[in-house]
Amino acid sequence: MHFISIIEAIKARRESLRVTQQALSDLSGVALGALKKFESGKGNPTLSTLKKLCDALGLEITLSVKKNTNP
């Protein structure tokens, strides 16, 4: 899965709330090292991890499924 736009939204929300990475780690239960990797584009978070981060920041994840138009 491709989570870059979700991670960008999480980072933007964190920064707009002036929450440090350490504080978000503490609030969400996601390891600080993992959070740093995600925000730098080097990690691949699970949906469960994304939910923890979003919950801590008051965000909601919505997913959609659409038919692939490429054969």
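**Exercise 1.** Leaving aside its neighbours within four places in sequence, which residues is leucine 35 in contact with?

*Solution.* Start with the term: contact means heavy atoms within 4.5 Å. With that rule, leucine 35 touches Gln21, Leu24, Ser25, Val30 and Leu53.

A quick note before going on. This is a predicted model, where local features need pLDDT of at least 70 and side-chain atom pairs count only at pLDDT 80 or more, while totals for chains, interfaces and linings use all residues. Residues are numbered from 1 along each chain as its sequence is written, and side-chain values use heavy atoms, leaving out hydrogens and water.

**Exercise 2.** How many helices and strands does the protein have?

*Solution.* Helices (H or I, at least four residues) and strands (E, at least two) are DSSP runs, numbered from the N terminus. The count comes to four helices and zero strands. Along the sequence, that reads α-α-α-α.

**Exercise 3.** At what angle do the axes of α2 and α3 cross, and which residues make the contact?

*Solution.* Axes are lines fitted to C-alpha atoms, for helices over the stretch in contact, and angles run from 0 to 180 degrees between N-to-C directions. The axes of α2 (residues 21-28) and α3 come within 9 Å and cross at roughly 120°. Angles under 35 degrees count as roughly parallel, over 145 as roughly antiparallel, 65 to 115 as roughly perpendicular, and the rest as oblique. So α2 and α3 are oblique to each other. From α2 come Gln21, Gln22, Leu24 and Ser25, and they meet Leu32, Leu35, Lys36 and Glu39 of α3.

**Exercise 4.** How do α2 and α4 pack?

*Solution.* Their axes are 9 Å apart, at an angle of about 105°. That makes α2 roughly perpendicular to α4. Leu24, Leu27 and Ser28 of α2 meet Lys52, Leu53, Ala56 and Leu57 of α4.

**Exercise 5.** Is serine 25 buried or exposed, and what about serine 16?

*Solution.* Serine 25 is in helix α2 and has a relative accessible area of 9%, so it is buried. Beyond its neighbours within four places in sequence, serine 25 contacts Val30, Ala31, Leu32 and Leu35. Serine 16 sits in helix α1 and, at 53% relative accessibility, is exposed.

**Exercise 6.** What is the phi of arginine 18, and where is its place?

*Solution.* Most residues other than glycine have a negative phi. Arginine 18 has a positive phi of about 55°, although it is not a glycine. Its place is in the loop between α1 and α2. Arginine 18 is exposed, with a relative accessible area of 78%.

How values were computed:
Buried < 20%, exposed > 50% of the residue type's maximum accessible area, 1.4 Å probe, protein only.
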